Structure formats: C-alpha cells, structure tokens
Amino acid sequence: MSRVTKSARGQQEQPHGAAARTAHIAMLAAFFLVAGVLGELHLQSLTQTDVWWHLRTGLWVLQNHSVPHAGVFSQYPSLPWVDSNWGFDLMLADGFRWLGLAFFPLLAIAIRVLLAGAVFVLASGMRRFWTALLLAICAQLTFAFQQPQPAGCAACLFAILLAVLFQYRRSGNARLLLAVPLLFVLWASLDVTFVYGICVLLLFAAVGLVQERFRGGEQDGASRRGASTSWLAACCGSIVACMASPYHYHAWGAALHSMASGAYGYVGELHAIRFRQVQDYLLLLLVMCAFYLLGRRRSFISVALLAAALPVSLAIQRDRWVVVIVSVAVIADALANGRAKGNLNAPPGRMREALWAAAGVLAVLVGSGAYLLRDQDALLSRVAGQFPVRAADCLRSNHLPAPLFNEYQWGSFLTWYLPEFPVSIDSRVDLYGDETNLTYLAVMNGYISPDSDPSFARARTFLVRHGSSLEQAVLNQPWLRVVYRDEIATVAVRTE
Amino acid sequence: MSVIEDLRGLLRLRLLRLLAYTVLMAVTGAACLSFRFSVLDPDIWWHLKVGEWIRQHWAVPHNGILCYTAANRPWVAYSWGYEVLLSNSYSWFGLMGIAWFGVVLTMAVAVTTFWALHRTSGSFWKAWLLAAASLAAFLFSVMPRPMFFSMMLYGVLLTLLLEAQRTNRVRLLYWLPPVFVLWANFHIQFVYGLLVLGLYAGVHILKQIASARRINFGVELTPALPARPLLAVLAACFLGSCIGPYSYHLYQVVLEYSNAKITYAIIMELQALSFQTWQHYVEALLAVGAFFAVGWKRKIDPFTLALLCFATVSGFRTWRDAWFLSMTAALLIADAFANDPSLPVEEQPVPAGRRFLEYAAVGGALAVLLVLLASNVDFTPRELDRTISADYPVDAVNYLRRNPVPGPVFNSFLWGGFLMWYQPQFPVAIDGRNDLYGEEADARNFKTENGNPSYAQDPWLNAAGFVLLRRDAPLTNMLATDKRFTVIYHDDVAVIFVPRNPPRATLPLPAQ
C-alpha cells in the first residue's frame, strides 16, 4: 500500500460542510486555549525550581557571546560542565530581557499549545477529528510540564519526528526525511533527550532495512526498494546534525554522561512514576490501549517502539512524555491500519486549518498574557511566596560573608537573584557529581551530621528552609547565630 | 527431519520436562535460601508473637496486644491462621523452623503458580516460561508473609474461573466456597478474590441481559455459565469468608484499609513500582503482554479485559500487589494462547501410578537439593543468628538486659515487631501493625523518626524512659545534638538514648 486510494479516502471522517468544519476548528481552538491556560492559572511556572539557572545561564551566554564550559555561578567554578540546554537558555534570557518575568508563564503556555497541536497532528489531526482530539486531550492531561522546560520543547519535536517517520513509512516519500536532520539541529541545542529521537530513528531505520531485505511483514511505502538509502542518509545526517552546536561532539558526551549518572537514584523527577494521581493512570490507560490494539492489528515497528519507550517513561517520571507520545502515535496508526492504510496522508489544506487554529490561540494568549502580566513587582511577590527573596535581600544588604550554604531547591533561584554569592548546590546535578549530591542529601535527610558535608563545614553563611530538619540541625549548633528569619527561610552566620 | 522438528521432539520428552520443572523449583528454593527473607522481614516477628499469644490464650486478640500506645484500640489479627502455623513451626524447630517455614511457603507458591498456568495453557513449556517470568516478577519482591496464601488461593480461583468459562462447567466453581473459608482466615486479601468473582458473575449477568436483548458491539456476549448457580457460588463464597473467629468484622478492616491515605504514603510495600530492579520491568512486561494477548483473541472478552485493568491498576499502584498483576497477566496470556480451548492439557495422559512416582521423585530430588544448598549457603542457625544481629538490635537489647533502665520504650518503627519477640518485658511504642495505631499516630511517628522538627512535641518520645533507634535514623542525629537526651549505648546497628531528666509526660501502660 503506497498511495491513498479514492475508496480509502471515502472511508475517512469527513465533516459535513462548512458549518461542521467551523465547529471542529472552534472546538480545536477551545482545546488549545484550555491546554495552554489550565496549568498556568496560578502562575506555577514562577514557582518552579529549574527555570532560574536556565535564565541565569542564558543571560551569561548573551553577555559573553559563548557557552559555558565550567561550573559558573557555583562554588565549583573549575568543574567541567556542558550546558546541554543552551538554545533553550538563550531563548529564555532573550524573552526575559524583552518581557521580564512575564515571559516565563507565556513561554510555558506557548510550549503547551505547541505540544497540544503536535500531538493532535500526530493522532491523525483533522482526518479523524474526534479520535485525534480525544487522544490529544488524554495526552495533555498526562503531561506534567509545570514550568517552561526544555523537556516540553523536546516533547514537541518528538511528536513531530514520529509524525514524519510514520508518514514516511506509509507514503515512502523520501523528501519527508530531509526534515529530520534539521529537526535534530534544533533538538540538540534544546535538550539532551535528542538521544531518544536518534534511538527512535535508528529503530525505524533498522525495521525498514530488515523489511526491505526480506520483503515480508508489513508492505508499506518505507519497505520499498531504495528506502535503505533514505534511511541511512537520514540516520547519518541526524547524528551529524546533533553536533552542529557550540559543543560539537561534547553534546553526545553530555547525553551519555547524564544517562550513566547516579542522579536517577536521588533526584525526585528522575524517580519512577508514583501512580498516585489520575494522570498517572491515564498514562497507563493510553499505554495499555496501545498494546491491546497492537494485539488486534499487529505491527512490528509499533511493538518495538512501544516496548522501547515504556521502560524509559515508567522508570523516569520526567520522561513520561516519551511513552505518551509513542502511545498516541501507535493508537492512531493502529486505528488507521484497521480501516485503510494511508488514512493519515492528510491534505495540506486540512492540516493548515489546525495549524492556523493553534497559531491564532497562541497569538491571543501571548498578547493578552503580556498585557495582563506587565506588573513585575506583583510577579516578584509571587516568586517570593516560594523562594527566599527577602532573606536574599538581607544577605545582600548586610554584606554577609561568603561562602554560602544553601538548600538544593533554592540554588537555582539564587544563581539568578543573588549572583554575588556562588551557590553550594543547585539542580544542575550533572555539574556537582554524585558524591557532592549524595552527601548533601544525606545531610538534608538527617542520615549524617551536617559537619560531614564539606560545603556545610566551610560555609560562613547559612540559608535554610524555615521548619525543615536542617533548620533544626542548624539551630542545635552552638557556633551559629540566626540573623534573619521569616516564614520561608532562616539565615544564620558562623560566630567562630 | 529439520532442526525445528528435532527440537520439538526433544521438548516432548517427559524426562526433559520433569528436569525443567525440577530446575525451576530448585532455583526458586535456592533464591529463598540465599536471600534469607524469612528472618529479615520486620513483620515476621510480630506475626510470630501474635501466634504465640493465640496458642497461649486459645483465643484471637481483639485489641492492641503487645504494645502500650494502642493497647485499648480495637485490632483484628486477620492472619491468625498463618500466625498459628508460624508459631507452631517455631516452637517445634526454633529459629530454623521460622526460616524453613518461609522457604516451604515460597515453594508452595511456585508450585501453585506452575500448576495454574499448566492447567490453563495446556502446554508444559508455555507454563514453564510464564511461571518463570511471573515468579521472577513477584515472588521475591515481598517476604514470605500471609500474603503468600493469597497468592496460592488466587491462583486456584482464577484457574477455576477461566476453566469454567472455557468448558462451560459451573460445577468447577463449587470448590470455591471452601477456598474462601480458608483464605479469609489466612489473609485479608481474600477480598481481591471476592471482587474478581463478583466481576465474573457481574459480567456474566450483563452478558445474559445483552444476549437477551440482542445487543452486540463486537464483544463476546454468549454467557458461558448459567446465572443462578453463579450467584449462589458468589453468595456461598461471601458467607464462607465470614466463617472464622472474626466473622464479618474482617470487612471492617477492609473498609479501614480502603479509606487509608497516610498508610499508602509511608509504608514502603504500598509504594508504586520503583523500576530500580529488573523484576519491576518483568512485571510491566507481563502486564503489556497480557493486554496484547487479550487483544489477540478474536472476540473481546469483557471479563478478562476488566480483570486485567483492575489488576494493572493495583499492581502499578503498590508493589505489594505485584503478585496480583503478575499472576493475572500470566494466566490470561496462558488462556489466550492455550493449545486448544476444548482440551486443557496437551500431553498424552500418564497413568496415575506413574505420575505419583514421578512427582515423588521430583519432590525427593528437590528436598535433597535444598538440604545440600542450605549447607552451602550457610543457611544454619549460627548464620541466621548473625544475619538477624546485623539488622536488628540484638546487642542493644542484650545490653538492656544487663543494665536495666525503666520504660516505656520509644522504638524505631521497623524494630517494633522484633522487640515484641526479643524484648517482651517492654511493650513497644509502635510496630508494623499500621492498622492498629491509626493514621494520625502513624503519620506523627513517621515524621518523628525522619527528624521532622515536630519530634520535640511527640508525646510518645517525651514519655519514653529510653529510646531505641536505628543508627541511621534521622531522629538519631537529631537526638545526638539534643540537650534533653544522652546516649547510653551505641553500636553499628542501634543507639540507646535516655532522657537527662525523667519524662514529665506519661502514657497509660497496659495491664500486664
């Protein structure tokens, strides 16, 4: 099957007339609107941890016109470090210079809308409107992007990649693969998860090559003669494209390093899915639906893809989007195969309508958001509800002595708000290494005495969370004097 | 003859099958012996002590025995059957009795799982592979506890349900009421069995209604079994579950567990799968394999689909329920790929006498193998003693025996059960019976032991005559710098603190 036949087209869901089409677009626009705004009603993106070091690094890149190669803003400036999100950081810093703190929620909204659009397109788009909308809603509910994250951008690119690869398998149109290396140039500058994309591409290529060799199994566009050249070109081109960045091949090194890191054992977002929330079960439902459908309509590539994605997402909750997007693609593909192959060869005009809807919603949201969120002081006070803004002001105004011992959760924020005090730790776990991180966590959890942590032992000023075990431990030390305390943080200085 | 045909011929050899079966069981037994879970489980000790109490009093407890903080709270020893067996084993064989009791229980689960899969699939090798996968997924993720009876009896239940559905023989289900009588007196998760049976009956009734009204939307709607006997079996099973010293009160415990929130946040075995071990991936593989297999069947069977969804939610939610998901998934895969739906067993019938001899030979070989293995992996009283001393405060309690201090004790949660058994003169503050103490007390104790600043206001800690804590507990570090306490003993496992001033707060102690 390589062409869309008239009979196949006849089976597709066709909206009846202009009114139905308008209704669909309105519904889609409403979905994009809700998807974009729902997670940002309380400006959650301003209270998240990681975004601040991304901002500070982006500002540093703008200032120095180069990317960092060592542990900037930390008390370990000589440690090697690769900022694998440099493209994202740059975008964040540029937006911040333009819109201030309002850019955070706007970027989070934009990522969500783009992701919703990409998943909708992946799930057959306007061709199979209701199925695609339902799948996109389910997928959107399972994503947990509460902040403008590089992972959100990566999820968008992953959905686009899968849409291109599935489309190529159906149509055999080699021109589609030309876009893949370009996609990877962007992806490698945004997030380290470009490795997942490369793995998926290699998997598709391997299955395509095997099918071309044996001429068995699924006879589709991508298993025709000559497809192997296209696959090889796409794979090689993409692997090389990932090195088209200021870090060259070091981007691969950083990716492999992060996979081998011990951080999976102690960083919360790198733990397994906890299965305590509705969205966790929704994810499970999507995956199980995909496997159930694969039992009915067998497809080797889909089974392999899903089997590869599932362990990644179950083991690392941060990467839950991988299996969700794969499940959506597999379900859409299985449903399309169940009726007529090539069902997803959407005419450009129909897809363009969906894209216009997304662009329109995005423009409205960004425009109105930029207007509504123009009061920077109000935004900073929202930040102060979560981060030690007043305590940091105290440190700055009283010229308290460095070095500083700070909480892990606040390190990122302090890199931006208090740059004159290099932090003892922050959420760049790849910078600090397992030993430093584990020692810090053992202190935080009370497993060892605080003095066992070198950063605690050498610190002269201590910034700890109010009401925490560490605060209690600090208060028990006779050689520390509390100089500031509010409902968020406690500041103490060494008296020896 | 091709290689594949040669291989098929080889796999048909009965001797090879017996050998494979022996290997599977021997590996299971070897794992039991080397892990020594039977004596490492923190809960085993309070089960043992409660069993002793029941044998001593010839009655089951109705309130919080063996502790002083919840002595007057109602409590149901819902695993009393298991506890009596364990206690008997200990009184006959000492520490080795506890250890071998766990090994035998684990082996019994393995045998039942294989039997269920073999009977369902009708194929030895399919059963062997599925048994190996499912046992790897769940058998060693929890220690040998009363739950193992649930595993065995659930295997029996689901096998009978699937076979009754396949063969249209409702008579098979008449075995279920006695199964539930046994189950309800051994473990509280008999409720899972009752829910599965209810689901089975409910789906059959819905099928009958849909069939009568000629509704068909692509699912298998021909009811395999008549509704009335099915409902009668369900009612009999429910009544059977009330036959025991606690009668219907077991359902109150079920209700409490279903309303619990804190328990699911703080108890390790009630956490979701961590995917830090390969067993969790095997469990996930079985689950997705089962969905694939159910989808593979020509007609959708609403019962298997609903059961699989229920088991998947349970299995992913808590790793304690890995057995429920793994056994369900393996049995449904076996059912979907059974050799011939009308013939459950593929092999040529073997005469009963020969079969008995074969089983006896396999059993004998296994027993010899396990005894040999036990001595090779130091599964001896002395080594078990060492294993226990490395995890529990044996030396600390011995110190307290030589240097008595006034109670009551404030102890680490994980040691409560052990202290009940090893230090019976002091009723404990808390132990693994989290349904006894209540959610509020469990949460407060969890915070205190984890060094939350609120520990200073903990009434149990403030009323304690001495505090016996794990060396690595966060509270230990807190008390080490707390001026109100002083250390009187410490080793690599435990630390004992006493208050510098006699405790001001007091708690009512139970009558001895």
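Q: How much area is buried between chain A and chain B?
A: This is a predicted model, so the figure is computed from predicted coordinates. Carbon and sulfur atoms give 62% of the area buried between the two chains. The total between chain A and chain B is about 2,700 Å².

Q: Which residues of chain A lose the most area to chain B?
A: Let's stay at this interface for a moment. Three residues together account for 22% of what the chain A side buries. They are Arg276(A), Met288(A) and Tyr292(A).

Q: How many residues does each chain bring to the contact, and how many residue pairs are in polar contact?
A: Chain A gives 33 residues and chain B gives 38 residues. Counting pairs with both residues at pLDDT 80 or more, the number in polar contact is eight.

Q: Which helix supplies the largest share of the side of chain A that touches chain B?
A: Helix H12 (278-296), helix H13 (300-315) and helix H21 (469-476) of chain A each supply at least two residues of that side. By class, the side has 19 nonpolar, ten polar and four charged residues. The largest share, nine residues, comes from H12(A).

Q: At what angle do helices H2 and H17 of chain B pack?
A: Two packed helices are described by the angle between their axes and the distance between the axes. Here H2 (residues 14-35) and H17 (residues 352-376) of chain B have axes 10 Å apart. Their crossing is right-handed. The angle is about 35°.

Q: How many nonpolar residues are in the contact of H2(B) with H17(B)?
A: On the H2(B) side the residues include Leu18(B), Met25(B) and Leu33(B), while Val362(B), Leu366(B) and Leu370(B) are among those in H17(B). The contact also has two polar and three charged residues. Its nonpolar residues number twelve.

Q: Where in chain A is the cis peptide bond from Ala402(A) to Pro403(A), and what is its omega?
A: Most residues other than glycine have a negative phi, and most peptide bonds are trans. Pro403(A) sits in the loop between helix H17 (389-397) and strand E1 (404-406) of chain A. The bond from Ala402(A) to Pro403(A) is cis, with omega near -5°.

Key:
Residues are numbered from 1 along each chain as its sequence is written. Chains are lettered from A and ligands numbered from 1 in the order in which they are written. This is a predicted model: local features need pLDDT of at least 70, side-chain atom pairs count only at pLDDT 80 or more; totals for chains, interfaces and linings use all residues. Side-chain values use heavy atoms; hydrogens and water are left out. Axes are lines fitted to C-alpha atoms, for helices over the stretch in contact, and angles run from 0 to 180 degrees between N-to-C directions. Helices (H or I, at least four residues) and strands (E, at least two) are DSSP runs, numbered from the N terminus. A crossing is left-handed if the near helix is turned anticlockwise from the far one by less than a right angle, and right-handed if clockwise. Contact means heavy atoms within 4.5 Å. Ala, Val, Leu, Ile, Met, Phe, Trp, Tyr, Cys and Pro count as nonpolar, Asp, Glu, Lys and Arg as charged, and the others, Gly among them, as polar. Buried area is the accessible area (1.4 Å probe) that two parts lose on being put together, summed over both. A polar contact is a pair of N or O atoms within 3.5 Å; within protein, one must be able to donate a hydrogen and the other to accept it, and residues adjacent in sequence count only if both atoms are side-chain atoms.
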